[in-house]
Amino acid sequence: MRNTGERIVQNALMLVAFSALASLLLIAVFIFKEGLPFLLRTGLRDFLLSSDWRPQEGHFGIYPMIVSSLWVTFGAMLVGAPLGIACAIFLNEFVPKSVMRVTKPTIELLAGIPSVVYGFIGVIVVAPLIRSHLGGPGLSVLCAAVILGIMILPTVISISVDAIGSVPNSYREGALALGATRWQSVHMVVLKAARSGIVAGVILGMGRAIGETMAVIMVAGNSVKIPHSALDSVRTLTANIALEMGYATGQHRQALFATGIVLFVFIMILNSLAMAAMKKSVK
Amino acid sequence: MSDPVQISVRNLSVYYGKQHVLRGITLDIPSRHVLGIIGPAGSGKTAFLRTLNRLNDLNPDSRMEGKILMGETEITHSDCDVVSLRKRVGMVFALPVPLPLSIYDNLAYGPRLSGIRKRFQLDEIVERSLKAAVLWEEVKDRLQTSAFRLSGGQQQRLCLARVLAMEPEVVLLDEPCSGLDPISTARIEEALMTLKATHTIVLVTNNTKQAARVADTTAFFLMGELIEVGPTSRLFVAPTDSRTNEYISGRFG
Amino acid sequence: MRVPPKVTQAIAVALFGGATVLTLAVLVFVIVFVLGKGLPVVSLDFLLQSPREMGKAGGIFPTLVGTFLLPLVAVAIAFPLGVGTSVYLTEYTVESRMTGVIRFGTDCLAGIPSIIFGLFGYIFFVEILQMGWCILSGGLTLAIMVLPTIIRTSEEAIKAVPTSYREVSFSLGATRWETVLKVVLPTALPGIVTGVMLSIGRSIGETAAVIFTAGASLRLPDSLFDSVRTMAVHFYILAREGISIENAYGTAAILIIAVLLVNAVSYGLMNRFIARRTK
Amino acid sequence: MKRFMIGMAMGLTVVGLLAGCGRQSAALVTVAGSTAFQPFAEKLAEQFMAMRNDVNITVQGGGSALGIQAARSGTAQIGMADLVQLPPEAAELVSTTVARDGLALIVHPANGVTNLSIEQVRGLFNGTLKNWKEAGGADQSVRVVSREAGSGTRSSFEQTVGGIRLTAEAIIQDSNGTIRETVANDPNTIGYLTHGLLSEKVRAVRVDGVDCTEAAILEGRYKLVRPVFLLTKGAPGGAAKDFIDYVLSPEGQGMIRSYGLLPAK
């Protein structure tokens, strides 16, 4: 009786263990099922490389959205990565452990602020500043980059802090014993050892930035065009889906799911890169 | 309490992955008897103990050959019900491991698994086991406090009592006194002397003096091999193998 | 020309210190800004009344209910699945290609943007299963979204349970499941709860996935098959549509307090857990 | 063991619930579609349910296209659409005109322009008029705000103005409210919204010299007008019919009028 019970439990647990994988596959299957036929019909080149997005006239080119997504993500990295990494180095190497123990959880708490709140602050505070001081509509690449850069800070900081923290103290002591200053020991020894962990943090931050939707819709302006400057209004892949999904039928709707496929592929590539970097840092 | 059993080990080999940790052990352990096992670290003593209750099964890399009979049961057989085997063969580990429960619940853990739920039955088992492990007087007023509150020596006796509460036929002890002070050690040995009237006991120890004090028979393991086994009185006075002599006289190990 | 090491050290400290202060200042500004504008709006009536005129007047009570129910449903579904998965991975199997695949799937799922979850939930639960926009559709979608978080944190917590506990339990004649149920899970509980709290926090703040699956109805739900609006969605709609900026701030303040509270509790639990582990 | 069994039982219950959830109770009516008509539908539903407590009406937004789709698939019993021309896939649905809606062109209150010709509107939205100077305003570049592709308001607007091919520079927002907020935040923008949602934050400009007022629309002088349809699969029946009848009743039409839309007839 007990053995049968055990066997049932084991099999049930094994079934359960596939739930995450099954969900992933289910998601992939349904997104692809809705979008792939369209993609094949239109052709990858026409879909990915055409700049003409006029769903009403049957033109579906998402090149501007791809470029915009990349620019916005790149901008967010420019804002978030240096700040985040500097913050992680400072907390790990230059302040007492007690300060770190308070600061790190505080920063991680902020990861919980809903993205719509960040987006709203972008509209109310950041966009008007850009409009009045730099010109343009305010709702722009720059605004999105600033807001997303702030949003990914907790991710970058948290993972970088862990990566730097896991560098053995003997490395630092070795450098310090040779007469290096704290900074020399950091940039010559510690950062080299923690590099892949930090890279992983930055890549995961990128994943979050490229996948963010609501905040971006609020601050990016959503014009369908290839941006010429940081002050131009743009539409990202995610915004394209969320903006038009509710109103789309037929081909238009399939095109949005196909946009989802492109986004899905982007994210999978980024995740694989991050995982590879993490693995390297474990070694 | 059922009759304690004789254990016979025939040509037992154990592997941990590629490592050959026990090589062709053949050994008999009479019932109501204390077998002491001595030997330096890495000699396979613990691995041997863990085959007797099949705890090695938890290590997916482990593999064994040969045969062990416990009474009528061939415990090395793949059909052997290891769960009921482990109820017959209790084990005390080198370091005391109280479960994160109260003293009472630690003691009742085994009996409850066997389906004993009635409070008065459990109360009775708890008291009897604690008395047998010479711990009752010290803890009888605080059975509901966490087992972590006890001292190291008390914790180890708690572990012994927890084993006894299952009413096992065989008790395995893996260097039970390695972390304890002399007074606590004496308490444990005191308990063992009483227990051997009713149980078969296998005591692994790296303290040769303890083996000399407690064991009826002593076996000497070295690098996975059984070098010599014999009555304690003889083995310590006139070992037949020179390596045994060197070990007990403290030249290595 | 070489800059003396002492100077580079001073520059580094100033630069990194400055960056840290800036980061903290920005993040604190976000909270203070929202709470400063929002808290004056908040009152007992605001919390307990139903919204009138789409939220221009009245309170936010139905959205509080929605914010409470959706994460609850999500966790009720994701908790057994997530903990079950982590128990299986840690206790019932050895590292193999299969566990590698499961881990890879979990990691990938963790990286998927919420809009994709929204699309999927809309297509699968709302349309194909014909559940419509409802608490259950939203809860199921969120459950998939937070599943990786629960799996990962539970796995960490379970791995931290000393092997000796398991050996003792087995040596006392417990089966694997009995060991899991009586020793492993109770010991790992604080860590598991942390994962649950983090998941609740994420569900509370989610907008994109919720709006597509649970809808945005302002009515008080009668059953799991009714549509609800969460505070995050309510805030989004109020602020975006300019219905009432004051009420938007008020909603955001409550939302932030709720999320911070949930996160703070989970960090408290985690710290207690780590303290116990290192003892 | 026992706990495990309970767990299994709970799991099965969840599966059972999932399987049994195609459930549509007779008294439940879902109305989905046009975000422009959504606030009106919510109010109407509120009042209707006050009289009929055996009916539950849930109102969802999502847009005209979604309204059509939801009505076709049965996700909603009633779809809301506010298009000048219904798309071909709506042919199988029965449409009932329940209101008319004027589209107001809006600018920031500080913008000097008060009147635009249809030609100028076309030029602004096509991106050929790039500076407010060219439309009689200050020397500032024009920023156009429009709705997303697929929006009923946008296609109605483009159809009534005619000849619009929206400039790529246009900022896109996904609802009337967000258009109004964006225009209210930036003095150089121009957008459009349903005239019922006009507020003091923005100013409506005259089109060909005609103010966007109720009277002008009713008299047919103001050109930018579109109908609002409620769509049902087959002739409306049951609670859905009762609700549509209520919307068309003098009381319902009065309520539509008092909140800024125009009656159907």
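This is a predicted model: local features need pLDDT of at least 70, side-chain atom pairs count only at pLDDT 80 or more; totals for chains, interfaces and linings use all residues.
**Chain A, overall**

I started with the fold of chain A and counted twelve helices and two strands. Reading along the sequence, I get α-α-α-β-β-α-α-α-α-α-α-α-α-α. I then checked the extent of the C-alpha trace, which spans about 75 × 70 × 30 Å along its principal axes. Of the 283 residues in chain A, 58% come out as buried. I also looked at contacts with a separation of 6 or more in chain A: 74% of them join residues 24 or more positions apart.

**Where C meets B**

Next I turned to chains C and B. I find 14 residues of chain C in contact with 18 residues of chain B. On the chain C side, α7 (163-171) and α8 (176-205) each supply at least two residues. Which element gives the most? That is α7(C), with six residues. Sorting this side of chain C by class, I get seven nonpolar, five polar and two charged residues.

**Positive phi**

Most residues other than glycine have a negative phi, so I went looking for exceptions. Asn222(A) is one, with phi near 65°. I place Asn222(A) in the loop between α10 (214-220) and α11 (237-245) of chain A. Is Asn222(A) buried or exposed? Asn222(A) counts as buried because it has 29 C-beta neighbours inside 10 Å.

Glu175(B) also has a positive phi, near 45°. Glu175(B) sits in the loop between β7 (170-174) and α7 (182-195) of chain B. With 20 other C-beta atoms within 10 Å, Glu175(B) is buried too; the cut-off I used is 20 or more.

How values were computed: Residues are numbered from 1 along each chain as its sequence is written. Chains are lettered from A and ligands numbered from 1 in the order in which they are written. Two residues are in contact if their C-beta atoms, placed from the backbone, lie within 7 Å. Helices (H or I, at least four residues) and strands (E, at least two) are DSSP runs, numbered from the N terminus. Ala, Val, Leu, Ile, Met, Phe, Trp, Tyr, Cys and Pro count as nonpolar, Asp, Glu, Lys and Arg as charged, and the others, Gly among them, as polar. A residue is buried if 20 or more other C-beta atoms lie within 10 Å of its own, exposed if 12 or fewer, and partly exposed in between; C-beta atoms are placed from the backbone.
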